[in-house]
Amino acid sequence: DRYGTYTSTSTESLSMPSARGTRADPQTKEEAALREAREEAGAVCDIGAQIGVFEMPSNKPDRPGTVWTMFMMTATRVLDEWAEGGSRQRRFVPVAEAKGMVKPHIVQVLSKAVEAGFVKA
């Protein structure tokens with residue numbers, strides 16, 4: 001079975017590590033995703049297939065929405081200590097369990113990964 005890594009700064013909801021950046025950043029989307037997995041989840045990964053591009057509208061009318069490019073990753077090593085480990089909790093959970101723990105836009109990502117055959121439901 002394949003599992004996802006989800007990190008949280010609270011115990012109320014979980015999120016997937018997400019790369020932040022701008023078009024001016026010198027990193028590729030893949031490099032940014034690998035960096036964020038390491039910083040937010042303490043996972044050193046190999047990048048896999050792109051799952052898709054997902055958009056979430058802004059809740060503020062004067063700001064643009066957020067666009068994520070999501071990738072499958074395989075953790076090759078899980079660090080005991082990592083950059084955001086002091087403020088985040090890390091859990092490895094099956095996809096079915098994760099769907100009940102994340103916000104709707106992340107459920108969309110997980111569903112797409114299952115539909116594409118990247119992970120089991």
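Start by selecting Arg35 and Glu36: their side chains meet in a salt bridge, with N and O 2.5 Å apart. A salt bridge here is a side-chain nitrogen of Lys or Arg within 4 Å of a carboxyl oxygen of Asp or Glu. Before you click further, note that this is a predicted model, in which local features need pLDDT of at least 70 and side-chain atom pairs count only at pLDDT 80 or more, while totals for chains, interfaces and linings use all residues. Residues are numbered from 1 along each chain as its sequence is written, and side-chain values use heavy atoms, with hydrogens and water left out.

**Stop 1: around Arg35**

Which of them are buried, and which are partly exposed? Glu36 counts as buried because its relative accessibility is 5%. Arg35 is partly exposed at 24%, and so is Glu39 at 28%. The cut-offs: buried means under 20% relative accessible area, exposed means over 50%, and partly exposed is in between (1.4 Å probe, protein chains only).

**Stop 2: the whole of helix H1**

Now select residues 29-41, which make up helix H1. Helices (H or I, at least four residues) and strands (E, at least two) are DSSP runs, numbered from the N terminus. The expected span is 1.5 Å times one less than the number of residues in the helix.

Colour the buried residues of H1, which are Ala32, Ala33, Glu36, Ala37, Glu40 and Ala41. Then look down the axis of H1: its buried residues fall within an arc of 140°, so they line one face of the helix. That arc is taken from the directions from the helix axis to the C-beta atoms.

Just after H1, click on Gly42, which takes a positive phi of about 65°.

**Stop 3**

What does Glu84 form with Arg88? It is a salt bridge, whose closest N and O atoms are 2.6 Å apart. The side chains of Arg88 and Glu84 also count as making a polar contact, at 2.6 Å. A polar contact is a pair of N or O atoms within 3.5 Å; within protein, one must be able to donate a hydrogen and the other to accept it, and residues adjacent in sequence count only if both atoms are side-chain atoms.

Arg88 is placed in the loop between strand S3 (66-78) and strand S4 (89-94). Although in a loop, Arg88 counts as buried, at 14% relative accessibility. Glu84 is partly exposed, with a relative accessible area of 24%. In total, the structure holds 4 salt bridges.

**Stop 4: the nonpolar core**

Next, select Ile51, Met70 and Leu110. These have the most contacts inside the largest nonpolar core, which has 15 residues. Strand S2 (43-56), S3, helix H2 (95-99) and helix H3 (104-115) each supply at least two residues of this core. The largest share, 4 residues, comes from H3. A nonpolar core is a set of buried Ala, Val, Leu, Ile, Met, Phe, Trp, Tyr and Cys residues joined through side-chain atoms within 4.5 Å. In soluble globular proteins, nonpolar side chains tend to be buried together.

Zoom in on Ile51. Leaving aside neighbours within four places in sequence, Ile51 is in contact (heavy atoms within 4.5 Å) with Met70, Phe71, Met72, Val109, Lys112, Ala113 and Phe118.

**Stop 5: Thr69**

Select Thr69 in strand S3. Thr69 counts as buried because its relative accessibility is 18%. Leaving aside neighbours within four places in sequence, its contacts are Lys29, Gln50, Gly52 and Val53.

**Last stop: zoom out**

Switch to cartoon view. You can count 3 helices and 4 strands, running β-α-β-β-β-α-α from the N terminus on. Of the 121 residues, 34% count as buried. Among contacts between residues at least 6 apart in sequence, 59% join residues at least 24 apart.
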